Amino acid sequence: MWKDIGGREAGQIRPNSFANRVKSHRLSTLQLSNYKDIVSPHKGSINSLQVDLTEERYLLSGASDSSVAVYDVQRATDYEGGGHIAKHRSVFVVDKQHEHGHKYAISSAIWYPVDTGLFVTGSYDHYVKVWDTNCTRVVMNFKMPGKVYRTAMSPLAASHMLIAAGTEDVQVRLCDIASGAISQTLSGHRDGIMTVEWSTSSEWILVTGGCDGAIRFWDIRRAGCFRVLDQSQSQLGRRPPLLKRKRPGYKFVRNGPLVASMMVSISKSLSAGQNSSVKPRAPQKRSANGNGVRQSSVGRIPAKGSVRQRLHPGMLSSQDRATAHYGAVTGLKVTEDGMYLLSAGSDSRIRLWDVESGRNTLVNFETVRLQTSKPIQLATTQDPAVVFVPCMTAVKAFDIWSGKTCLTFRGHYEHVNCCCFSSQDQELYTGGNDRQILVWCPSRLISDGVDAGPMQDQDNWSD
Amino acid sequence: MKNDTNSDSSKPKKRRRDEEIEAESSSSDRTLSLEENLTFSDTLVALRIMRAQFPHIDKVSIRPFILQSQLYSSVNDRTQVDRELESLRRERVLRVFKLNTGQDDHAIMFLDDYLNQIECVVKRMEEKKQVNLEVFEWFQTHVLDSKLEPSVGHEELVSGSDCSLLSIVGKVKDEHISLLINAGILTRQLIDPDMYWFAIPNIGSVLKGLSQGRKEIISFLNRRKYKEMMLALLEKKHLRFSPLDMRFHLRDLIGSGHLKTIHTPTGLVVQISKD
């Protein structure tokens, strides 16, 4: 550590790599915190945790007893244990007694991405409510046709204020805070929708995972989804291999503006830079010919299917039945650079998808069992190196590229539902069915001031 | 000390006598203990060796298959296994089938073995004087070649046929597909009426033995005081309910995560994994 600081001082190590080294070292020493504790007032299992996106200071938790609480994780409310253990009590709690509070379990509680003045909760009582944080009042109410499993707001949104809500109904609904009404419904899934996530690279792209095992990508400016992920379409390696030059008469598939533009750019770069060969990583001995045929499966009108009713071209994707998992999709997470998507399914598999090519990268995460009935919340570090997954009663940290387990966090007494990683402080917060929120911090050296005080007038025996 | 393959021999004389008795009664491929041969370097090597070690089952004539969980316990890096399997699948060296014995169970069979298995089924159907047997030929030459995934849709079967089957039959009709399902080569998917899984024919009793054998091993270990046992001793037990041998089951259970192996100074210990 000191050597690194000296190197940074002398200019041998760049600032970014120095910061990354410190962060990854701290990450590798994560353990149950012995100096920080969050006192949870909830009387039901904790279903959702989120740290606010602007300052990473306030933690919002939603529980099964219809209560929502906010904690300040940077400043403790009081100290115990002779000043060594910081207790963080909730700043405020909203529960069933509140006149406009939820009546049943809260499945999702998220902050308004711009600031902490608002937060949004979704509950099994079919309502999505928008709350004002300072007065703890309900500002807006949206009624959904079924239990709300997940709500999400885009962290990049500059021109819209839409809340995407996934419910047990087959349609995804977008609720608009600006107008107070449900502005859009996206259809295509064939069963309830357990997880909803916005893309971190575009404010218009939404990813949803359903109980039918499909993961769909939606561009909310158009009808229908433009991609359905298929677990059998895979690529060997982090990025797909460079495609061979296509035949001149290759037709672009009606896949949507984004994918078509990607194909145009790939073919242009191929024809332009044939000599400069950028060798792709990982054993890429296979040519992509086998994939080239399958790539155009979405959007192709079956030749013999003309007897079926004519669908709008954007809705053709509803007939695509590709599944990403053999069970329901219970968790989704888009990495912060927007290039990869992690999905957890009730078939106890976690898959890593390349967002641009839409393929399964075949990284095998060693999970034995995952929770199947409730959606789980995954967390990743900022430069996606580690992914934290709640596996039954433990939380496991996997290396995202090789799938090996780096760390296992065992501390909860019952199943863990959600985890949230704060990249600023390298702290992990986990909440589970045992009504506890546990904090996992990098280990801290005990400072000398601890021993000096009470030990002054005692003999220093060696036992 | 005698040249024995087991590393834990604290009582040489007694073990020598045991080994002599073992060597007389057991078949030749038992001389390699599981402990020594648990991991391999490469997926293809692992597949070939496990295919050679496939137990001989008396009543059913079935070609060797390997479970995907067995591969995970045999090669250290699971991602490497997945990727090598994918490239072998694309090269048409082997096929992957989804089994219905549990979550995410897949069976891997070399393509030649699978074609042999289909041939046996076709011969048996010929003896029963079935008609429309050209479907099998079409299936082997065209469907297996173009559809590499474990599942196939109804539309793909029907529409993919007109390019190849016109000379033989005309069009693939429902009776052809029923014939394939009766032979055990295709199975309907429970979730989706339009999709079929590719399946290995005549494998039903073996799969039943597989799930019963798994349960037997897990319950045996659960009844022990510390839920663990030395691998060398566990290997030698005979299973009552499964025609497949102990080594097959152990590789499968270790790979799927139900059992874990711990290195101890006296050898490997197999333990039920909590979680």
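This is a predicted model: local features need pLDDT of at least 70, side-chain atom pairs count only at pLDDT 80 or more; totals for chains, interfaces and linings use all residues.
Helix α5 (residues 111–127) of chain B and helix α6 (residues 134–146) of chain B have axes that come within 10 Å and cross at roughly 160°. Since angles over 145 degrees count as roughly antiparallel, this crossing makes α5(B) roughly antiparallel to α6(B). The handedness of the crossing of α5(B) and α6(B) is right-handed. On the α5(B) side, the contact is made by B:Tyr114, B:Leu115, B:Ile118, B:Glu119, B:Val122 and B:Met125, and on the α6(B) side by B:Phe136, B:Phe139, B:Gln140 and B:Leu144. Sorted by class, the residues of this contact comprise eight nonpolar, one polar and one charged.

Helix α6(B) also takes part in a second pairing. Its axis and that of helix α8 (residues 174–183) of chain B come within 10 Å, crossing at roughly 80°. Here α6(B) is made roughly perpendicular to α8(B). In this contact, B:Val135, B:Phe136, B:Trp138 and B:Phe139 of α6(B) meet B:His176, B:Leu179, B:Leu180 and B:Ala183 of α8(B). The residues of the contact of α6(B) with α8(B) divide into seven nonpolar, one polar and no charged.

Another pair in chain B is formed by helix α2 (residues 43–52) and helix α4 (residues 78–90), which pack at an angle of about 80° with their axes 9 Å apart. The two helices α2(B) and α4(B) are therefore roughly perpendicular to each other. From α2(B), the contact draws on B:Thr43, B:Leu44 and B:Leu47, and from α4(B) on B:Gln80, B:Val81, B:Glu84 and B:Leu88. The contact of α2(B) with α4(B) has four nonpolar, two polar and one charged residues.

Turning to the interface, the contact takes 31 residues from chain A and 27 residues from chain B. Between them, chain B and chain A bury about 2500 Å², with 42% of this area on carbon and sulfur atoms. Two salt bridges are counted between chain B and chain A. A:Lys404 forms a salt bridge with B:Asp77, and the closest N and O atoms of this pair are 3.6 Å apart.

Over all chains, a search of the whole structure finds 17 salt bridges. Within chain A, A:Arg89 forms a salt bridge with A:Asp78, the closest N and O atoms lying 3.4 Å apart. A:Arg89 sits in the loop between β7 (85–88) and β8 (90–94) of chain A, and A:Asp78 in strand β6 (residues 78–80) of chain A, so the pair ties together parts that are 11 residues apart in sequence. Side chains of opposite charge can pair when their charged atoms come close.

Terms used
Residues are numbered from 1 along each chain as its sequence is written. Chains are lettered from A and ligands numbered from 1 in the order in which they are written. Side-chain values use heavy atoms; hydrogens and water are left out. Axes are lines fitted to C-alpha atoms, for helices over the stretch in contact, and angles run from 0 to 180 degrees between N-to-C directions. Helices (H or I, at least four residues) and strands (E, at least two) are DSSP runs, numbered from the N terminus. Angles under 35 degrees count as roughly parallel, over 145 as roughly antiparallel, 65 to 115 as roughly perpendicular and the rest as oblique. A crossing is left-handed if the near helix is turned anticlockwise from the far one by less than a right angle, and right-handed if clockwise. Contact means heavy atoms within 4.5 Å. Ala, Val, Leu, Ile, Met, Phe, Trp, Tyr, Cys and Pro count as nonpolar, Asp, Glu, Lys and Arg as charged, and the others, Gly among them, as polar. Buried area is the accessible area (1.4 Å probe) that two parts lose on being put together, summed over both. A salt bridge is a side-chain nitrogen of Lys or Arg within 4 Å of a carboxyl oxygen of Asp or Glu.
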